Structure formats: structure tokens, C-alpha cells
Amino acid sequence: MVPGYLISTIVYGTLFALMAMGLTFTYMTTKVPNFAYGDFVTIGLYTAYQLHYLNHINPYGAGVAAFFIAGGASVLMYIGVLRPLARRGTSLVALMIATFGVDIGFIGIIGIYTDYMAATYRLVDAKQFFAIPGDFSLFGVQGVVYVGPAVLAAITIALYLLFKRTKFGVAMRASVENAPLARVLGVNTERIYITSWMLAGGFAGIAGALYTLWLPGGTSTGSDLIVEIFAASVLGGLTSIFGAVVGGLAVGASEDLVTTGLGLGFGLVWTVVIALLIIVVGALLLRRAAKKGRRGAKIGVGDMLSGKVLRTGAGAGAIFFMLVGVYFLFEIATGYSSDLFVQGFVSGFGPDVTPFQKAIPLLIMVATLLIIPKGLFSLRLPRLRRNKE
Amino acid sequence: MSLPIVYLFPGFDLVSFMVGFVNFYALYLAISISLNLEFGYAGIPNFGKVLFIAGGAAFSGSISGRLASYVLNIGSHQDFIVFSTRIVNQIDGVLAHDPVFAVELFIISVMIGALIGALFGYLASYPAIRLREDYLGMLLLGMAQFFQVVMRTFTPLTGGSQNIAVPDPYFYWISLGTGWRDLVAGLVMSALAILVFIYAERVAKSPLGRMLKAVRESEDAARALGKDDAVVRRNVLIVASAISGIIGAVFTMYIASVEYDTWNRVAWTFWPFLIVIIGGVGNNYGVALGAAFFSFVLKGLEQIQPVLQPYVFFDANWLQYLLFAVLLITILMLRPEGIIKEKSAPTLPKKTLGALVAGQGDPPPSGGAKVQQARTEGRASRIRRLFELGRRTSPIADG
């Protein structure tokens, strides 16, 4: 029997990957962080809700409808708000505030919609509803556990083929990289942007519809999730669709795996692994801090430990990181009886940590933005040989 | 004795509307002026405004009750979080008869709020001087959300999902009748807002204000003139966040409790941004006007809501969200500079400058000292030369 937290990790990870993919799409095309993106998830949620309770269509069928409805809303937002503003030369910050504005407007729309549902159809749970029943079950596990990853894999492969094999995909990549140049070559960049926004909203819609099968939803689900979706996108690098998939899986998984781990305890072996990982990450950060001053030069241990590096915030932070890891190893070697924190890591903090679940993606996001603002998929791997120029 | 009731039309009480409006206006004036200092003058898009206000509110609200219970020895052996309502009730009873202690508690709470705000501002300045606007916006949004999760789940701070009560320094005024407490609290908040406004206006008119605008417009240019943009941004964030912390502390004493869901993104980050955009970015008078407009519309809608309700099938409160969203996007499209446009920063008093341009000799000496006079004379001749130079090289004048 597969443990429950692993299953919920799979579902959560795939849903976040879908949402992060869409958000990354909008960021790539318009270069504006879309704070209203969570609302498209809410649209997906309520499409599934309405179709289930009024038309008796299950959320899988509703996913298809949600793709078009949320995609349409997304295109509407692009054509109605962002494009006219961008054409007037509005600044980046003002565009971000405009997406905030759309988010606020949506609070009003969804409020009126749910009031209407509650008043007309006597659906008392319209504001806050439980997970929609009626999912099929296979090998004792709910169907969405299979369908979610399958949908994600299908979309990822389709996008990969689109980008690599079709002319439209190449034009898409070109207009993301350099829009004026693509326009010179006869690419209709507007059509491509509209398609991207359609897909972006659509992914959110599908994710929202699938979400209803697994978790309770409500009017504020989308705007509650938005920061976590950003966390996933930022971790993936905000410029790579496949980075977003990885980031979404990681952030979605972190919520359940890390909380379960902290609650039940990681065990001795995993705690040692985590401590070693912390030390390695600290060493990499220290190397980066040392490298900042002297680009391209070879970095030795002496450079890394020079006072100049350690006095910077990044250097001191990296050393602190490494010391924490070393402390963990030391505590484990001496029987970890004196420190409650290390003890908690090995044998569990108990159920007290579960409420902090929602804080973990936010911590990941803050750490990503502070340490590697460009995300995982923009880190250059060290070259083996120096370029001869 | 309660406040008088004046009905303009059925359901609309003018006095209670005015008191509510003044409270709300003072609150939002102070917040949006401090946001304008960060966003309008220094160019830091603080999308985590709620973090600093909620930080000040949570810590001052959490500490002041414990402090009072310790000093007055009321229920100090009990768990404050569990019994906060009962303990604070007794503390309020004491505060009603001890105005000196009430004022002391008020001042201490405000100081805690300011300290926590400044500390959070210092922490936020680390990314604020390193990241681009969009990444910074996401980061601050994430930090604010993180603090909200902490408030909701970390029970020792503010009781988590069960809220804690906060001692009420305005308690004396409750005994005078309904409305008096609101009126006094409104006066206190108005005083705070006026102080913040005067401070921001003085900053704006000073060389510091011009430097902030220079850093906002072009870091490189400011740096080339020897200004340290990182230090400037850090200091602005610290000061503005300390103001936010004070506002949080004052407001939480007014509502006399700390609840995590009071401190949401919409009310404390989005509305202030809306006010700054409506009124005019980088312009304190515009922001004051924007805050007045916003408070008037919001409070007015609140009053009209019962009248409107029978005619619509939904909760009429939703209309305010739609209205403000449409308003914001319309303003951004049609008048991005806001109601009052940002003026170029003044360098000399207008009167002096006008006299100088007209060539009517030197400005009236302000200090009377000889050095001062010599300096102004030098400045006058320099400025006059500058204008003459401008006239001579202007192509229109030549032909």
C-alpha cells in the first residue's frame, strides 16, 4: 500500500506544475508577473463545481470546458487590460498593479457569481465546498492520482513537440526571445501572444477542475494559491516552461513531504543526508560569493575564506549554512540527545508542524529569490574547459 | 451622552458617517503617504505593505497586553493567550480610571510597533537593493504571505486562529456614550496622519527628496553624482516601515484585538496602492486627495448598501471591488500620472526664484549673516547667468 502522503504529493505536485507552467507562459510573453493568475484557477474550480451540481458532468469533463473558459478569461485580460496599457508605454510596476486590479475585480465577480448560485439553485456550499465526489477509483486509489500526472505528461510532451517540431512553435520561441526581430521576419507576434495567454489560462483552468476532485475549494482558493504558484515558477526560473514543471513538482511535493517528514521524523540516515546536503549547498554558495569579485578566475579555498568574502552578507550566510550542517552531523555523532531540534528532525516533531505546511513553499520562494533569483534553470554549469576566444 | 444622530435620508446618519470617514481617512492617509515615500519617491514597489503594518500590529498587540498584565499583576500567572479576553477586560477596567497608565501603554505600544516595523524594513531592504522590480514585488508578496501564515499558525504570538484581545487605551471614553471612543480615536489617528504628512512633505521639499527622485529615475546618474543609492533605499524602507508599524499598533489598539484575517493583502496592500495611483505618484497632496476620494466612496457605499440591497440579488458589498478595479485600470489608461501630476522638485523658494528670474536683484536675506548673504549673492548671479545662457543659445531667440 502506498502511503497517503506520497499520493497527495503526486497530486499536489502535478497540479502545481500545471499552474506554474501557465504562469511562466504569461511571464515569458509579457514579462509581467501576473498576480491575477490565481483567478483562472478559481474559474476552473467553479466550472467543475457548476457542471457537477447542475449538469452532473464529472470534473474530468469539466476540465475541458474549464480550459476554454479560463483560457478565454485570460485572453480577455490580455487584450482588454495588459495590451492597451503596454502600448501606452506603462511602466512594469504599473502593469503589476494593473494585474492586482484585475484580481480585485475578480473578487467582486466571483462574489456576485457565488451569491447568484446560492440564491438561484439553493447551493448553500457555493462559497466554500468540499471535494467533489464521484471520482473513479483504481487499485484502491482515487483516479485523479493517475489522470493528473497523465495530463501533465501529455501537455508537457505536446508542448515539447510544438516547440521543437512545428513552425508555429519556433515562431513562438522567436517572439519570446526577441519580438521585434520576429516581427521583421514576418511572424505575427500578436497571434502568438494571444495563443500563449489562452494556453496559460487554460492550464490553470484544467488544474482548477482537477483540484476539486482532491481538495475542498472556495472563493479565495485561487488568490490563496497565487504566491505558491509564483514560488514554483520562480524556482523553475520564470523563463523555462520545463523548469516550471520541475519547480511545480518540487514545491507541490515539498508541502506534503517536508511536513510529513518533520512530523514523523526523517530517520537517522536521511537526517545525515540532509546535513550533508546543507553543507554542500553552503559550500557552493560560498564559492559563488567568492567568485563575485573575480570573474573567470580560479577560486581556491583561501579565496573562499578570505575576510573580504566572509564580511559580505552572502559569504557570512554561506558559512552559517555550513556550520548548521556541521552542527547537525556533530549532534548525530554524539547521540543527538542534547538538542531537541536535531532530535525532532530524526524522530519527528509530532502533529504540531502540520499547520506550517503552507509556509514551506513561501520559504522556498524567499530563499530562491535571495540566493538564486534566476531560478534553477538558469544556473550555468561550470565549463570543463576554458573557451579559447 | 451619545453622539447626536442626524439623518440625511432614511438609513443615512451623517454624524456616524463623518466619524467613520475621519477614522478611515486618517488611517489610509498615513499608510498611503508612507507608501508614497517608498513607491512614489524612492521607487520601491512595496507589494508587501501588509507585512510591515501587520508586524507592528501583531507584536505591539501581543506584547502590550502581557506587559500590562505583568505590571498590574492581573492574571499574570495565567496563560495570556487562553485567557486574554478575561485578562484584558480587567486591564481595561483599570485603564478607565488611570489615564496616565493608558497614555503610557499607548506610547509603549507605538514604540514597539515602530521598532518592529523598522526591523522588518531593514530585513526587507536586503532584497530591495538587489532585485529588479518584478522579482522584488514577488518576494515581498511572498514574505507578507509567510508572515500571515506565521500569524495564523504560531499560537504564542497572536493566538493563531483564535484571536487575542488588546488593552484599549481609549476605554475611558466608552463610558461617555456611544461614538465618543471612535471620535477620540479618530482624533488621535488624525494627529498621527497629519504628523506623517508634514514629515513626508518636508522630506519631499528637502534635498533628500530630490535625491530620492534622482535615485528613482536613474540609479546610475545618482551614483555618478556620488549618491549611495543602496543606503538611500534602505533608509527609506526603514523609515516608511517604522511608520507602517506605528499605524499597525495604533489601529490594533483601536479595534482592540489581533486577528490574523484582518491583515489581508487587499485591504493593506492593494487599497494603498490604489490611492497612490489615483492621487498621483510621487505627490503628497495628490495622495491626500486620493485617500479622501477613496475613503469617501468606500464609506459612502457602506452607508448606501442597506438602501441598495433590496434591489440586487447579491451582496452589494461586491460592487466596491468591481468599482475600484475598473477605476484603477481606467486611471492607468487615461491618466497614468494621477489626479494631481507630479511637479518637478523645487530647489529654491518660488518667490526667490521668481525674483531672480525677473532680475529684480537678490532675494531678501533670511538669516542676516554676512556669509549667508554672500552665498545667496553668488547663487543669484550664477542662476541669472544660467538663464541668460539659456536665452542666448535658444534657437527661437536667434531667429
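Reader: Quick one first. What counts as a helix or a strand here?
Author: Both are DSSP runs, numbered from the N terminus: helices are H or I with at least four residues, strands are E with at least two.

Reader: And where does Ala256(B) lie?
Author: Ala256(B) lies in the loop between helix H11 (229–255) and strand S4 (257–258) of chain B. Its phi is near 60 degrees, a positive value in a residue other than glycine.

Reader: Before I go on, what sort of model is this, and how is it numbered?
Author: It is a predicted model, where local features need pLDDT of at least 70, side-chain atom pairs count only at pLDDT 80 or more, and totals for chains, interfaces and linings use all residues. Residues are numbered from 1 along each chain as its sequence is written, while chains are lettered from A and ligands numbered from 1 in the order in which they are written.

Reader: Back to Ala256(B). Buried, exposed or in between?
Author: Ala256(B) counts as partly exposed, because it has 17 C-beta neighbours inside 10 Å. The cut-offs: buried means 20 or more other C-beta atoms within 10 Å of the residue's own, exposed means 12 or fewer, partly exposed is in between, and C-beta atoms are placed from the backbone.

Reader: What about Asn73(B), what is its phi?
Author: Near 55 degrees, again a positive value in a residue other than glycine. Asn73(B) sits in the loop between helix H2 (49–72) and helix H3 (84–95) of chain B.

Reader: Why does Asn73(B) count as exposed?
Author: Because it has 8 C-beta neighbours inside 10 Å.

Reader: Confidence next. What are the ipTM and pTM of the complex?
Author: The predictor gives an ipTM of 0.84 and a pTM of 0.85.

Reader: And chain A, what does its pLDDT average?
Author: Chain A averages 81, and 92% of its residues score at least 70. Over residues 380–389 of chain A the pLDDT is below 50, and that stretch has zero contacts in the model beyond near neighbours in sequence. pLDDT is the predictor's confidence in each residue, from 0 to 100. Contact means that the C-beta atoms of two residues, placed from the backbone, lie within 7 Å.

Reader: Which stretch of chain B has a pLDDT below 50?
Author: Chain B averages 82, with 85% of the residues scoring at least 70. Its stretch below 50 is residues 389–399, which has one contact in the model beyond near neighbours in sequence.

Reader: Which residues touch the most other members of the largest nonpolar core?
Author: Met19(A) and Ala30(B), in a core of 208 residues. Helix H8 (residues 189–214) of chain A gives the most to this core, with 15 residues. Apart from it lies another core of seven residues, including Leu285(A) and Phe321(A). A nonpolar core is a set of buried Ala, Val, Leu, Ile, Met, Phe, Trp, Tyr and Cys residues joined through C-beta atoms within 7 Å.

Reader: What does Ala30(B) touch, skipping residues up to four places away in sequence?
Author: Leu192(B), Ala193(B), Val196(B), Ile243(B) and Ile247(B).

Reader: Overall fold. How many helices and strands in chain A?
Author: Chain A has 16 helices and four strands. Its radius of gyration is 23 Å, close to the 21 Å that the globule rule gives for 389 residues, so chain A is as compact as a globular protein of that length. The radius is taken over C-alpha atoms, and the rule is 2.2 Å times the number of residues to the power 0.38.

Reader: And how much of it is buried?
Author: Buried residues make up 46% of chain A's 389 residues. For chain B, it is 41% of 399.

Reader: Last one. Which domains does chain A have?
Author: The assignment gives domain 1 (4–263) and domain 2 (266–347). Those bounds come from an automatic or database domain assignment. The C-alpha centres of the two domains of chain A lie 37 Å apart.
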